[in-house]
Amino acid sequence: MNHRPSVEVVVAHYNEDLSWLKEELGSCTIYSKGGKENVPPQPHIILPNIGREGHTYLHHIIERYSSLADITIFLQGRIDDHITLTPSEIMDAARGTKDGQVTTFPFRELELFDHWDGIPWDEYPCWKKWFGCASATRTPAKHWQRIFPGTKVPMSVAYQPGALFAVRRSTIQQHPLSLYKFLLEEFFSGDMAHINPETGHFMERFWLAIWNPSEYAIWHDDDIASEERNEQGQLARGRWHVVPKYKEVDERIFNSVNGQLHTPPPSDDE
């Protein structure tokens, strides 16, 4: 008899309407950072409003390290500007996650990160809205070297914009609890214990490579996959989307599935 994996949805909430979670609410752990005036009606755990979603995810991993669900889905309080699936569809997709894999969801493609000397916010209009963050005192390269001492910094890594993904307990636990405690301290303490620290954007770009560098990091041109997509349907190793400089582009990059482009829903900002 096949074991049906347990699935938990971790939600990083600020002030978003979480009614979209209704059908899967029993599987959710909601962490709210919006203060008393923004607490959701759903059961929740209050956290200080620091560190963006990365702080929330790390808090959950650390507190639940020995009792994680078989599969954890990490989501933000609003997802319809990144994901076209319903909560039940997300759950179904997540259940197919294998050891070592990180499941991401359409319509966003994986993007390439190679700004190891620092994110040049002014060069990317689609990122510039985040420019008001608290500036990091170390470069992404320095952080990588502190996380993985003695290792070479990759040429580039892949990341899922918005940090929305599912991962197995075994994949998380390939690293000791001490690593996640170090990440929390490294990225979200001192001056970076801020509502929008630049290190939070670094963490968003590091998750996939921390969990599976053989799929989500390259060190040489020879590491680039020959096929466009991997077995999960993601852009394959080294073939990740490159955001163009100095162009006003919609940051919600389409994900092609079966040759069809999924059109994202309209944003409230439009």
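**Reading a sheet and a buried loop residue**

Author: In this predicted model, strand S1 (residues 7–13) and strand S2 (residues 28–32) pair in the parallel sense, and five bridges join them.

Reader: What stands opposite Ala12 in S2?

Author: The general idea is that strands of a sheet pair through backbone hydrogen bonds, in either a parallel or an antiparallel arrangement. In the case here, the residue of S2 that stands opposite Ala12 is Tyr31.

Reader: What is the order of the six strands in the open sheet?

Author: The order is S3-S2-S1-S4-S8-S5, and the pairing is mixed. Strand S3 (45–46) and strand S5 (102–103) are at the edges, where each has a single partner strand, so one side of each is left without a neighbour in the sheet.

Reader: Where is Ile79 found, and is Ile79 buried or exposed?

Author: Ile79 is found in the loop that lies between strand S4 (71–76) and helix H2 (87–95). Buried means under 20% relative accessible area, and Ile79 counts as buried because its relative accessibility is 5%.

Reader: Which residues is Ile79 in contact with, leaving aside its neighbours within four places in sequence?

Author: With those neighbours left aside, Ile79 is in contact with Trp20, Leu85, Ile90 and Leu164. By contrast, the C-alpha atoms of Ile79 and Arg64, which are 15 residues apart along the chain, are separated by 24 Å.

Terms used. Residues are numbered from 1 along each chain as its sequence is written. This is a predicted model: local features need pLDDT of at least 70, side-chain atom pairs count only at pLDDT 80 or more; totals for chains, interfaces and linings use all residues. Side-chain values use heavy atoms; hydrogens and water are left out. Helices (H or I, at least four residues) and strands (E, at least two) are DSSP runs, numbered from the N terminus. Buried means under 20% relative accessible area, exposed over 50%, partly exposed in between (1.4 Å probe, protein chains only). Contact means heavy atoms within 4.5 Å. Two strands pair if DSSP finds at least two bridges between them.
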